[in-house]
Amino acid sequence: MLTLLKLLQSLLKTLHSEGTPHQVAAGMALGAALGLTPLMNVHNLAVFAALALLNVSFGAGMLGWALATPLGFALDPVFHRLGLALLDAPGLRGFWTWAYNVPLAPYTNFNNSVVLGSVVGWLLLAAPIYAAARVGVVRYRATWGERVRQSKLYKAVTASQLYNVYRLFRPE
Amino acid sequence: MARRLVRWKAVVPLALVVALVALLAWLFAEPVARDTAEEAASKALGTQVDLARVRLYPQRSGFALEGLQVADPFDSTRNLLQADRIDVKVDPVALAEKKLVVERLRLEGIRLGERRARPARPVAGEGYAKTLVRQLDDFRRRLDVPLVKLTPLDTLRQLALDPGQLGTVKAAKALLAAADSSRQAVTRRVDSLRFGPLLDSARALADSVGRLDPKQLDVATAARLVQRVQGQVKAVDQARARLAALEKEVRGGVQALQAGVGRLDAARQQDYAFARGLLKLPSLAAPDLSRAMFGPVTIDRFQQVLYWAELAQEKLPPGLQPRREEGPSRLRMAGTTVAFPKERHYPQFLLESGQVDLTVGGSSPLAGAYRAAAQGITTEPALVGVPMAFQARRDAPGTAVAALEVRGVLDHLGAVMRDSVLVTARGVALPAFRLPGLPLTLDPRQGGAQLAFALAGDQLRGRLVISAPAVGWSPDTAGATLNDLERLVVRTIARIPSLDLTAELGGTRTAPTLAIRTNLDEAVAASLRATIGEQVAKAEARVRAEVDRLVGEQQAAARQRVAAVQGDVEARLGLERGQLDQVSARLDQELKRLAGPAGGLIRIPKLKL
């Protein structure tokens with residue numbers, strides 16, 4: 001229930017935040033990495049840090065994560081094939097061999113087909129996600145935004161305690 | 001107002017989050033390491049591996065495994081190995097590359113073959129080990145151990161054979177069909193060559209040229225005629241080449257049919273054995289009796305050694321090619337993890353050199369102090385450059401196992417992997433076992449055993465020698481009355497005070513052979529021959545006659561059909577070849593006649609085919 005409420009808050013705050021469409025879209029593109037790629041991997045620590053430190057919408061990042069997670073599961077077979085094709089590519093063999101024998105690099109699990117495929121998949125999808133989110137936010141704010149802001153539901157959600165936590169990561 | 005790129009006020013909360021993650025990692029690192037190690041080891045060994053606890057000692061780059069249990073892949077109720085504690089010191093530089101180079105290894109409280117509290121679960125997923133277990137089941141079936149049959153002989157029993165059950169009948173029918181289709185195929189192929197029009201036009205040209213007088217021809221006409229004849233000769237030669245190619249192909253087909261005829265004899269031998277089996281006739285051959293009595297227990301030993309050898313060849317392959325493995329278990333798809341070994345770098349796993357003094361405690365026959373050594377045990381033998389070797393020995397006179405020595409070499413450096421192991425035990429309390437098909441349990445008591453096994457590429461070589469000077473025999477008569485034959489065999493065997501068994505494994509993985517000789521087989525065979533030899537011989541003659549009656553006609557028909565097809569095909573091809581040769585000779589003759597009087601005016605170019 002709390003997760004659902006948090007997700008709803010994220011959605012509303014994100015769409016109505018003072019953040020620019022660019023910040024919201026960048027947050028969603030970054031957050032998508034957490035959902036598209038297997039979560040417990042080193043690269044996601046970097047993504048999370050970027051999401052928190054960069055002046056992008058953190059709420060949009062959480063929303064991107066939530067929306068991309070089911071997509072990540074669904075696309076796993078595609079990511080596996082993509083990753084395996086890259087790991088098997090004769091032209092990249094020297095690079096993988098080098099990276100595999102560099103200290104700490106193997107802990108990124110780059111040599112797992114799903115991890116590599118999903119990271120590459122996310123990099124390929126990041127720009128389309130950014131563009132689509134930006135257009136979507138602009139249109140939403142121009143059409144539905146004000147009506148929703150005046151609704152009771154919006155006011156109730158934003159009044160909850162979780163909103164205070166969210167404010168810490170609100171775009172400036 | 002220009003927006004800042006970095007949100008500095010989030011640094012503190014982020015640092016708190018990172019600290020929380022680090023705290024969770026510190027709290028849960030050991031349980032996670034235990035789960036990961038259990039999963040990886042279970043997958044690699046194809047059997048359940050349990051760990052009570054993993055302790056991490058980052059300050060001295062080491063860890064300890066506590067309460068290790070490795071289930072026996074062939075007996076889920078037992079553990080192959082148990083260890084109270086294994087202390088491992090690893091190379092920290094290699095660990096930075098996520099590689100495990102073991103510098104020091106210490107084992108405590110090793111126990112072998114102990115009964116498990118709960119039976120082992122089958123390993124989840126479809127890993128190599130599971131495939132291997134299935135392959136070894138096939139290996140066992142291929143060794144085809146006969147059964148000891150000691151049911152009462154009933155010489156009057158009717159032998160009800162259904163021709164449909166006999167392999168010779170099936171093979172003969174298949175051969176008849178193959179012969180017919182071969183004949184039709186050859187006819188179609190020869191017809192498709194369409195030599196008729198070519199022969200007609202060649203003959204017509206030869207006839208028309210033959211009617212001309214070369215002396216009456218001017219040079220130009222003669223040259224034109226020569227050219228036409230040459231063209232025809234060329235076409236005929238090409239036809240002959242096509243026919244030759246077809247002949248070659250057809251001969252291959254005919255040879256296959258003849259091989260089929262040869263296989264009918266082998267099928268008939270199998271049918272004799274099948275029919276013999278229906279009458280439940282006991283085998284009176286000494287090697288068969290040994291294989292029947294000691295085959296299963298011998299194959300068990302070889303099968304277990306072969307399992308570990310095959311697993312070693314799969315997991316410790318030669319060369320430095322990238323290696324695929326199933327990825328880790330997680331909610332998301334596991335995927336495939338690829339390792340990229342590199343020259344002059346650390347292998348993924350290496351036990352450089354270890355001297356291990358270990359003690360097997362408890363009341364097990366194997367209890368005692370062992371000295372074990374291992375060298376160069378690695379997942380990438382090519383990086384280490386020397387064959388992997390291990391040995392363990394124990395001397396404990398007066399115990400259940402007076403001496404035990406295990407030596408093994410895994411040479412995975414070349415393209416052909418060579419693994420060998422030699423296990424020698426003296427003064428062993430050998431386990432008792434029931435002789436299959438006989439109401440008798442053999443207790444070998446104290447004895448000696450040696451198991452030598454080698455796997456080189458696909459070639460298997462194994463030898464198991466068991467020597468027990470004072471055995472005990474216990475008739476297993478509970479709830480059953482023995483028939484005359486069983487009583488005879490039990491009496492014969494029970495008089496033999498010792499057991500000397502030699503089993504030889506040979507052949508390949510897909511076509512293994514097993515020969516077993518014991519000091520029992522001749523005695524049992526002789527007593528059976530003396531008692532029922534005549535009856536068995538009569539019954540066998542009846543079996544052969546019945547099989548011959550049912551399959552003779554079919555086999556003869558198949559032979560005749562193949563011979564007929566061979567004759568027909570040869571005749572048809574001979575006819576075509578003869579016609580082509582004949583017309584070719586005629587054209588050559590006319591060519592010479594045309595060129596002759598021209599006195600060298602017409603140069604006949606050599607034909608290039």
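Let me start with chain A, which has nine helices and zero strands. This is a predicted model, so please keep that in mind throughout. Read along the sequence, the pattern of chain A is simply α-α-α-α-α-α-α-α-α. Chain A has 172 residues, and 41% of them count as buried. Now take the contacts in chain A between residues at least 6 apart in sequence: 85% of these join residues at least 24 apart.

A:V120 sits in helix α6 of chain A. Is A:V120 buried, partly exposed or exposed? A residue needs 20 or more C-beta neighbours within 10 Å to be buried, and 12 or fewer to be exposed. A:V120 has 16 inside 10 Å, so it counts as partly exposed. Leaving aside neighbours within four places in sequence, A:V120 is in contact with A:L82 and A:L86. A:L82 is 38 residues away from A:V120 in sequence, while their C-alpha atoms are 8.3 Å apart in space.

Next, chain B. Its secondary structure comes to ten helices and 19 strands. Of its 609 residues, 28% are buried. For contacts in chain B between residues at least 6 apart in sequence, the share joining residues at least 24 apart is 71%.

I will show one sheet of chain B. Strand β14 of chain B, residues 440–443, is joined to β17(B) by four bridges. Within that pair of strands, B:L442 stands opposite B:W473 of β17(B).

Now a pair of helices. In chain B, the axes of α7 (residues 286–315) and α10 (residues 521–595) come within 8 Å and cross at roughly 115 degrees. The crossing of α7(B) past α10(B) is right-handed. On the α7(B) side the residues that meet α10(B) are B:A286, B:P287, B:L289 and B:S290, and on the α10(B) side they are B:D521, B:E522, B:V524 and B:A525. By class, that contact has five nonpolar, one polar and two charged residues.

B:V524 comes up again in the largest nonpolar core, which has 68 residues. Those with the most contacts inside this core include B:V524, B:V305 and B:M293. α10(B) gives the most to this core, 13 residues. Not counting residues up to four places away in sequence, B:V305 touches B:V421, B:L451 and B:F453. Apart from that core lies another, of 44 residues, with A:M28, A:L63, B:A10 and B:A339 among them.

Last, the contact between the two chains. How many residues does each chain give? Chain A gives 28 residues and chain B gives 25. On the chain A side, the elements giving two or more residues are α3 (42–53), α4 (58–88), α5 (93–100) and α6 (113–143). The largest share of that side, seven residues, comes from α4(A). The residues of chain A that touch chain B divide into 18 nonpolar, eight polar and two charged.

Conventions
Residues numbered from 1 in each chain as written. Chains lettered and ligands numbered in written order. Predicted model: local features only at pLDDT ≥ 70, side-chain atom pairs only at ≥ 80, totals over all residues. Contact = placed C-beta atoms within 7 Å. Pairing = 2+ DSSP bridges. Nonpolar A, V, L, I, M, F, W, Y, C, P; charged D, E, K, R; others polar. Axes fitted to C-alpha atoms, helices over the stretch in contact; angles between N-to-C directions. Left-handed = near helix turned anticlockwise from the far one by under 90°. Core = buried A, V, L, I, M, F, W, Y, C linked by C-beta atoms within 7 Å.
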